[in-house]
Amino acid sequence: MKRGLALYATAVYVFLHVPLLILAVFSFNASRFTVWRGFTLYWYQAAAADRELVESAMNSLIIAVGSTVLATVIGTLGAYGLWKRGSNWLAGSLYLSLVTPEIVTGVSLLAFFQWVFRFLDLRLGMHTVILAHVAFSVAYVVVVVMARLRTFDPALEEAALDLGATEWVAFRKVTLPHLAPAVAAAAMLAFTISIDDYVITSLVAGVDSQTLPMAIYALARRGVNPMLNAVSTVVIVALGAIVLFSERLRSA
Amino acid sequence: MKPLRSLFLAPAAALMIVTIAVPLAIICFYSLLTRGAYGGVERPWTTENYRLLFDPLYGAIFLRSFWIAAVATALCLVLGFPLALFIARSGSRKNLYLSLVILPFWTSFLIRTYAWMFLLRDTGLINTGLQAAGLIHTPLPMLYNDGAVILGLVYGYLPFTVLPLYATLERLDKSLLEAAADLGSPPWNTLFRVMLPLCAPGIRAGAILVFVPCLGTYLTSDLLGGSKTILIGNLVQNQFTAARDWPFGAAASLTLMAVAMALLFAVRRQGEELL
Amino acid sequence: MDAILELRGVSKHFPSHRAVNGVSLEVQRGAFFSLLGPSGCGKTTMLRLIAGFETPTTGEVWLNGARIDHLPPYRRNVNTVFQSYALFPHLTVRGNVEFGLRRKGADGIEAHVERVLEQVRLTGKELRMPCDLSGGERQRVALARSLVLAPDVLLLDEPLSALDPHLRKQVRAELKDLQRRVGVTFLFVTHDQEEALSLSDRIAVMNAGVVEQVGSPQEIYQRPRTRFVASFLGTINWIDGIGVRPESTRISRERPQNGVNTRLAVVTECAFLGSVVHVAARLEGGEALVAEIPPQGPAVSPGDAVHVWWNPGDELRFSP
């Protein structure tokens, strides 16, 4: 039975990873068609030269960094608050944001923004995207940090208070260091979620804030394009590295 | 003491109110209004949008989404269980095998969906390969159908069943399995009468984690299903963009939400934590 | 009486150590047989070898005249009562007890189950879930679950260790009574020598993977064959390499008449325990000993100088 399981597991791992490997391999193909014609870096150069593509990648990075910072701070503080004090309705709404289908989150935020714009002279743009990303990332940050908090002995904070520290100092000097790996892991998680989001972003982005997923989607819609393979490979490798690093931190 | 603790919660609370509570409330209101002449919403108040959902055309969309999500979920559970079992029994290499499952999942859902486009198209790798090998002469239409959508969903959400199943299997009391064998139960019987019932919490968690996103899927059906496969997610997106019928889109979204919430509630058990 | 279970030269080697080393054993049909030894001596491994959860590195296991060491657990007619009882938490008491029966597709299952539940005195509790039962009740379910399959041998892995101490003595008596009534051969594993002595027809004393002695409780206690067996069962005083049990150790203020086997000692402690008095003393050479004397014996207090002596017949000598 063990042999059978191992064989099966191999098959599943192949199923999971090979499609991505194939994508990567064909990003080096010196032909537009799915027949191998030789090794080339042409598609990578083409991607790098495509202004729209590069601009959307920049936008994605800006949005990801901005939303990650905000989501991590809000989420860490929120997780700590929940751990110390608990709040059923906050926990409930965080859970709600986790289980709500993306499309529903997207349209509700779009409706919200358009409604707000009746009173404020604003339009959809980078700021709405960042806010949207913070909205759906926070719950993930809370989950990751909470898991780490559960391994933290509250007596350590009480000891700090006993020795004369204020609550804030105790948090900063005793709790936060313990949480550091989880906070870092949560930040990387928020980052990867933000970089990859299409559904919500496409609804709340303005005309001049196209993100990388939106560009990728547009290319994919038009059919298969080796340049897209190149972009995909770069994204996979970059995100993969971040994820691996984050997992290392989480199990530390 | 107390004020500081509340302060920690304040930013998150404010965020939730602004980005979850208020938007959902707005959607609720919109679903009861009428579409505006130039997009947006206007009075009168009406329940027409919900009535429209019962129209066979839209009912069919809901049923199809349900069906596809159910099949994808079942496949994820069936395919994920043996893998979770393998990892749980792999001793010192557990973390490695877990990472191998988690890794593809976190690297861009969009790209992973595109990967299957690349493989399944008429001029994609599988078809060119089979033709080159002389096994077929005309390309197999593997893309732009329900099957491709299900494949894409399973590919995307398989890790969502593997992880909770693994967690449950890991915590399983091994002596219970030995007791079953001791009492005369061969391995297959032990699997069905002891192991699976004891894995119920993991199965429930995995099923919900897969079914709800699949029910509201947009990307997979859009890229892999083509124009023939319109699911709830595509419907909603369409209403808020091209079709400009926000009230109807809102009604459809809320119905989707309601179904998801009902499922979550039905599957909930005492003592299991939310976060 | 015939042997229902036989081990012939059984060894089990693990990469890190040898758990069982060349053990040969015979268990008689209908007996209450105990495997006694300290933790790590290999007794649990022996149990698992017989149950089928381990296969012997060398040697054979014979049950009822047939060789079984190559069979998986679900094909051996032995059943185990696990130390943690391992009751299926998702099944009721009845569900647990029925479990093995449904496999065999037996008829009259319900009546059979009722009968066994009566034997362990659990009638009326069929529909309870394991989490709602007390420790003693859970143990009885585990017993019922195994006994209902009429095994050739019932293996019990330290079944009393999970119970409250005050419950243990009572359950011990119930267990002995049950075995007598049902007549099934019990193979009982424990590290508690008092349990083994009070329950067993025969005991095998194990140490470091080897069986040091097999015999009735009286034989093992009164005529131990090795130093280990002598000190593991009951308490024993070692004086110049000779073993003397506390109850054979005599204390007196005056020198005894026969003059043999006498030593001088100083009393360090004196405890009145109702039916006996424990006197702890230290010999000139520094060795400590304990004597068990009747309450009517000489009254001594810590610090007194006394003579310690014993009958030659009570000596336990071992070759080095």
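## The sheet of chain C

In this predicted model, chain C holds an open sheet of six strands, and reading across it gives the order E6-E7-E8-E3-E9-E10, with mixed pairing. At the edges sit strand E6 (78-81) and strand E10 (210-215) of chain C, each of which pairs on one side only. Going from one strand to the next, the twist averages 20 degrees. As a reminder, strands of a sheet pair through backbone hydrogen bonds, and the pairing can be parallel or antiparallel.

For a closer look at one pairing, take strand E3 (residues 32-36) and strand E9 (residues 202-207) of chain C: these two run parallel and are joined by four bridges.

## Which chains meet

Two pairs of chains touch, and the pair with the most contacts is A and B. Chain A and chain C, on the other hand, do not touch, and their nearest C-alpha atoms are 14 Å apart.

Let's start with chains B and C. Here 18 residues of chain C are in contact with 14 residues of chain B. On the chain C side, E6 and helix H2 (93-104) each supply at least two residues. H2(C) gives the most, with four residues. Sorted by class, this side of chain C has 10 nonpolar, five polar and three charged residues.

## Chains A and B

Now for the pair with the most contacts. In this interface, 69 residues of chain B are in contact with 75 residues of chain A. Helix H1 (residues 2-31) of chain B is the element that gives the most to the chain B side, with 18 residues. By class, the side of chain B that touches chain A has 53 nonpolar, 13 polar and three charged residues.

## Inside chain A

Chain A is divided into domain 1 (1-40) and domain 2 (42-250), and the C-alpha centres of these two domains lie 30 Å apart. The domains do meet: nine residues of domain 1 of chain A are in contact with eight residues of domain 2 of chain A. The domain 1 side of that meeting has five nonpolar, three polar and one charged residues.

Helix H3 (residues 51-84) of chain A is worth a look too. This helix has 34 residues and reaches 49 Å from its first C-alpha to its last, close to the 50 Å expected at 1.5 Å a residue. After H3(A) comes A:Gly86, whose phi is positive, near 75 degrees.

## Chain B as a whole

Chain B contains 13 helices and two strands. Its C-alpha atoms fill a box of roughly 75 × 70 × 35 Å, taken along the principal axes. Of the 275 residues in chain B, 47% are buried. Among the contacts in chain B with a separation of 6 or more, 71% come from residues 24 or more positions apart.

Definitions and conventions: Residues are numbered from 1 along each chain as its sequence is written. Chains are lettered from A and ligands numbered from 1 in the order in which they are written. This is a predicted model: local features need pLDDT of at least 70, side-chain atom pairs count only at pLDDT 80 or more; totals for chains, interfaces and linings use all residues. Two strands pair if DSSP finds at least two bridges between them. Axes are lines fitted to C-alpha atoms, for helices over the stretch in contact, and angles run from 0 to 180 degrees between N-to-C directions. Two residues are in contact if their C-beta atoms, placed from the backbone, lie within 7 Å. Ala, Val, Leu, Ile, Met, Phe, Trp, Tyr, Cys and Pro count as nonpolar, Asp, Glu, Lys and Arg as charged, and the others, Gly among them, as polar. Domain bounds come from an automatic or database domain assignment. The expected span of a helix is 1.5 Å times one less than its number of residues. A residue is buried if 20 or more other C-beta atoms lie within 10 Å of its own, exposed if 12 or fewer, and partly exposed in between; C-beta atoms are placed from the backbone.
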